Amino acid sequence: MAKKNDWVRIHRVVLPAEGRNPNLPEDTAKVPLEMWTKGFLQADAEIGDEVEVKTATGRIEKGTLIEVNPHYTHSYGEFVPELVQIDTQLREILFGGEK
Amino acid sequence: MALAKDYASVMGRNNEIMKNAMGLDYDKFESGKMSFDYEALMASTGYTIEEIMKVQSATGVGNTPILELRNLTALARKYAKPGYGATILVKDEASNPSGSFKARRAACAVATAKKMGYKGVMAATSGNYGAAVASQAAMQGLKCIIVQECFDSKGVGQPEIIEKARKCEAYGAEVVQLTVGPELFYTFLSILEDTGYFNASLYSPFGIAGVETLGYEIAMQCREKYGKDPAMVVCTSAGGGMMTGTARGLIKAGATDTKCIAASIDLTGLHMASDTAFNKKSCTTGHTGFGVPYAVDPDHSDVPRSAARPLRYMERYVTVTQGEVMYITEALANLEGVERGPAGNTSLTAAFALAQELPEDEYILCSETEYTGAGKHIQPQLAFARENGIEIKFGDPSVEDKPGVNIILPKDPSYIKTKDMDIVHMRESFIKKACKKYGSFDIDEDDIEFLAVETNSTPEFVKSTIEKLKK
């Protein structure tokens with residue numbers, strides 16, 4: 001249950017696949033144009049409901065409620081071992097390694 | 001009566017929406033033929049370069065330091081013939097308030113919007129420009145909406161773009177995120193129409209005039225510190241604004257002997273509007289997917305006439321590979337103690353190779369760095385590539401690189417090379433596209449002269465190209 005004025009993320013299909021620009025690559029033409037944005041929920045709702053939000057600029061946007069208190073999950077990713085090999089190599093070429 | 005908001009109706013009102021959203025009537029620059037008055041468009045900002053510097057410095061933009069990369073220079077000299085290997089310099093544009101040179105572009109646009117009484121600004125961008133507009137809007141008390149192409153149809157976002165969304169939101173902007181496709185422009189126009197905000201287009205004259213200060217500073221700072229202009233300035237090229245503005249600024253400073261080199265990451269074979277290719281890219285900007293189309297056909301952006309016209313100014317256009325850029329980004333952190341974002345290091349990667357063509361007493365300068373952070377860093381970008389089935393290995397990028405299939409990290413720095421694009425072919429391609437758009441090969445002397453300037457060539461070259469195209 002999400003409350004009125006909760007900060008939420010919504011999703012909406014802007015153009016269905018059949019309504020898209022005719023000059024698209026085949027793979028893109030098969031899928032709809034989708035949109036996500038965030039805002040203050042305008043009335044109590046459940047995840048999956050069609051809702052209205054007031055965005056950071058005060059616009060009213062409609063869409064499906066997908067997340068309450070949305071947060072970022074991007075990170076520095078899994079370790080990439082090649083990077084330490086680059087470091088070792090560069091220091092050896094330039095400074096002669098650990099001599 | 002409410003306006004119809006379907007795709008065709010909104011796109012049909014494009015010219016009208018744009019006119020309201022920029023306070024600029026592009027028709028007055030048109031000749032009625034193929035040509036238009038580019039210099040009049042640039043002058044329409046009403047700002048001199050000194051005034052732009054004032055506008056920028058009022059918000060802490062510009063006057064960034066030039067860093068001398070001593071260890072990377074020493075490294076490049078190891079692979080150059082004796083007496084060769086120019087000193088590599090970089091303009092540390094990451095030290096602008098929003099973390100990239102795009103702050104220069106946004107400063108003038110947002111100041112203009114404010115002066116003209118707009119309540120908010122909008123920009124369509126998945127790049128650093130969003131944060132730049134959002135940062136400027138925050139400083140000047142305007143509202144801001146950024147529209148991004150961010151996700152594929154499975155809802156998987158590019159980590160680099162998600163980070164840029166976070167930064168826009170940190171500055172108080174609203175971010176509208178979309179899946180892959182050129183109809184982003186429709187969503188952009190539709191919101192622009194509803195809000196009546198200013199279109200802070202990347203390609204407006206305000207934006208490009210804002211970059212002129214960068215070229216101007218490069219000349220002034222190099223003269224003060226080194227007593228001469230750099231032999232080469234290397235610009236990472238996507239939409240062409242960096243190359244255009246920097247070159248114009250260098251010319252305004254009288255640095256006419258400095259050669260301007262465009263550099264992009266080679267992403268040949270990855271279709272830019274393809275849903276499945278979207279997350280096969282391991283760098284989302286500074287690549288040929290933007291660089292080449294915008295060089296040979298600048299007028300397909302979100303304004304009727306783009307102020308970014310890079311082919312006018314570039315002497316060469318070189319490419320490097322994703323793996324080489326990742327390697328140099330790591331080298332910059334590890335050998336220079338300067339950690340910056342990968343895409344901005346495209347020019348540095350090219351400069352590392354190009355420095356080896358120049359004598360030791362010359363200077364080669366990269367026109368930018370950009371900020372780095374979660375998602376927008378070699379570690380997550382390489383990790384994301386691996387998750388998407390891209391093979392990452394050491395090798396020879398010049399023979400093994402296949403964008404979307406692998407990332408070849410150079411097995412040692414001697415494998416970092418630039419490839420020159422066929423610039424003559426690009427000029428021919430420009431002329432061909434211009435004639436096609438115009439609907440005829442029969443053009444008069446004015447238009448021939450215009451095409452010669454547009455392609456940094458000569459009227460004779462334009463005429464002989466048209467003769468060839470007619471056959």
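Helix H7 (residues 128-140) of chain B packs on H8(B) at an angle of about 0°, and the two axes lie 8 Å apart. Axes are lines fitted to C-alpha atoms, for helices over the stretch in contact, and angles run from 0 to 180 degrees between N-to-C directions. H7(B) and H8(B) are therefore roughly parallel to each other. Angles under 35 degrees count as roughly parallel, over 145 as roughly antiparallel, 65 to 115 as roughly perpendicular and the rest as oblique. H7(B) contributes B:Asn128, B:Gly130, B:Ala131 and B:Ala134 to the contact, and H8(B) contributes B:Lys164, B:Lys167 and B:Cys168. Contact requires C-beta atoms, placed from the backbone, within 7 Å. By class, this contact has three nonpolar, two polar and two charged residues. Ala, Val, Leu, Ile, Met, Phe, Trp, Tyr, Cys and Pro count as nonpolar, Asp, Glu, Lys and Arg as charged, and the others, Gly among them, as polar.

The model is predicted: local features need pLDDT of at least 70, side-chain atom pairs count only at pLDDT 80 or more, and totals for chains, interfaces and linings use all residues. Residues are numbered from 1 along each chain as its sequence is written, while chains are lettered from A and ligands numbered from 1 in the order in which they are written. Chain B averages a pLDDT (the predictor's confidence in each residue, from 0 to 100) of 96, and 100% of its residues score at least 70. The complex receives an ipTM of 0.96 and a pTM of 0.96 from the predictor.

Helices (H or I, at least four residues) and strands (E, at least two) are DSSP runs, numbered from the N terminus.

Between the chains, the contact takes 51 residues from chain B and 34 residues from chain A. The chain B side divides into 26 nonpolar, 16 polar and nine charged residues. Strand S2 (residues 33-41) of chain A pairs with S5(B) in the antiparallel sense over two bridges. Pairing requires at least two DSSP bridges between the strands. A:Met35 stands opposite B:Leu178 in S5(B).

B:Gly341 lies in the loop between H13 and helix H14 (346-354) of chain B. With 26 C-beta neighbours inside 10 Å, B:Gly341 counts as buried (20 or more is buried, 12 or fewer exposed, and in between partly exposed, with C-beta atoms placed from the backbone).

Notes:
Two residues are in contact if their C-beta atoms, placed from the backbone, lie within 7 Å.
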